[in-house]
Each structure stands twice: as C-alpha cells, then as structure tokens.
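Here is a short walk through one protein model. Start with the view below, then follow the text from a single side chain out to the whole chain.

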Amino acid sequence: AVHVEDHPLEYGGFEGTIPKGEYGGGTVILWDRGTWTPIGDAHRGYVKGHLDFELHGAKLGGRWHLVRMAGKPREKRENWLLIKGDDDAARTEDDPDILDERPESVATGRKIEDVAGEEPGWSSKTGRIRKQRSGRTRAAPQEEQPATVSVPEPSKIKGAKKAALPDFVEPTLATLVSSAPSGERWLHEIKFDGYRLQAR
C-alpha cells in the first residue's frame, strides 16, 4: 500500500473511471466497504509505523496490521505492507483467494472489466464529472449511493452442505440471566416479549 493524499469524502462512493494521466487514473470499483476499529492508540501506531486494527467489511474482516516499510534513498513515496492477522477470519492456504472468489463491486455487483469501458466519471482535479445534454462533461458533486448488503454464494461457504429444510426449526429464545457476558466478541439485544414467526 502507498500512503496517498487525503481524498474528498464524496470520492468514497465513486465507481467508474478517472482519465488517464490524472492522479489515480484508471478504473475504480467499490470492492469492499465497511468500518475499521483501531486496536490501541492509532496515532501512536502511525508514528511508530505499525497500526493494528479490525476491519468490519462486507468481504474483509478480523484483525489486520499496516506496517511501514523502510524507505530507499531519495524515495518520495511512503510504502506500507497490509498483513492479515491470525484470527478466525484468516484464510488458510487451501482456501480460494478472496479476489478470485469475490471480484465484484460491493455497491453494484459489477466487475472491474464491466466498468473499464465507461467514459470518465471523476477527475482528480475537479471531482465528479457529469454529462450535460450536449454531450460535454462538467464537474459535479458525487451523489452518495445507498449501501447494499452482499450475500455470499451458499455453495462457496466453507463447511456448507446441501440438504433439505427440516420440517420444523425451533425458534431461538432469549435466555434470562442476571448479567450480560462481557468482551468484544459479544453482541446484545433487548429482549422483547411477543410472538415469533417463521416463514419458509
């Protein structure tokens, strides 16, 4: 990874092409989208050159490390290594490459080759390029695209087995306890009394 300049927030929703010769020129898709949570002091980690964090994306998750590489003489760019941490979200050597398994955009489902032939839609100099009726283009603010949920192909889920649905699935019921378990791996929800329905 290369340390780049700050980008406008509206660029975070852009998918399309940037004119060749401009900064970032080429084809852009939103391959993944989500949030990150620093582990420890992020500012201190950046200064030190080793950031620890967790990703909460549609495709990537778990613990990751960004490690600054030693620069070469007269090298202007700051290069970093992105390294996957060893946790439950890590893939084994036998697992398929996530880029081969999930090449599509998390926003539109398109692949990079589907977008590559489009007219430029973003300029690193002026922002979003919107076509006018005359066919000319002009810069305009990026419209934010609604978030979409990516659903994996069931046959590609590790350990999944094809089987008929059972005749009855017992609903999961809330359990009353005196105190909730603690730790980052737990999520909690309020227990609401009422009916639980199952649809098939």
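Tyr23 counts as partly exposed, because its relative accessibility is 40%. Bear in mind that this is a predicted model. Where does Tyr23 lie? Tyr23 sits in the loop that runs between strand 1 (16–18) and strand 2 (26–28).

Tyr23 also belongs to a surface patch. Together with Val2 and Val4, Tyr23 forms a nonpolar patch there. The accessible area of these three residues comes to about 240 Å².

Now move on to strand 2. Gly26 is found in this strand. Is Gly26 buried or partly exposed? Buried would require under 20% relative accessible area. Gly26 has 23% relative accessibility, so Gly26 counts as partly exposed.

Next, look at the neighbours of Gly26. Leave aside residues up to four places away in sequence: Gly26 then touches Gly16, Thr17 and Ile18. Strand 1 covers 16–18. Take Gly16 as one of these contacts. Gly16 and Gly26 are 10 residues apart in sequence. In space, their C-alpha atoms are 8.6 Å apart.

Read from the N terminus, the order is β-β-β-α-β-β-β-α-α-β-β-β. The chain has 200 residues, and 20% of them count as buried.

Notes: Residues are numbered from 1 along each chain as its sequence is written. This is a predicted model: local features need pLDDT of at least 70, side-chain atom pairs count only at pLDDT 80 or more; totals for chains, interfaces and linings use all residues. Side-chain values use heavy atoms; hydrogens and water are left out. Patches are made of residues with over 30% relative accessible area and no salt bridge: like charges are joined within 9 Å, nonpolar side chains (Val, Leu, Ile, Met, Phe, Trp, Tyr) within 5 Å. Accessible areas come from the Shrake-Rupley method with a 1.4 Å probe; for residues, only the protein chains shown count as cover. A salt bridge is a side-chain nitrogen of Lys or Arg within 4 Å of a carboxyl oxygen of Asp or Glu. Helices (H or I, at least four residues) and strands (E, at least two) are DSSP runs, numbered from the N terminus. Buried means under 20% relative accessible area, exposed over 50%, partly exposed in between (1.4 Å probe, protein chains only). Contact means heavy atoms within 4.5 Å.
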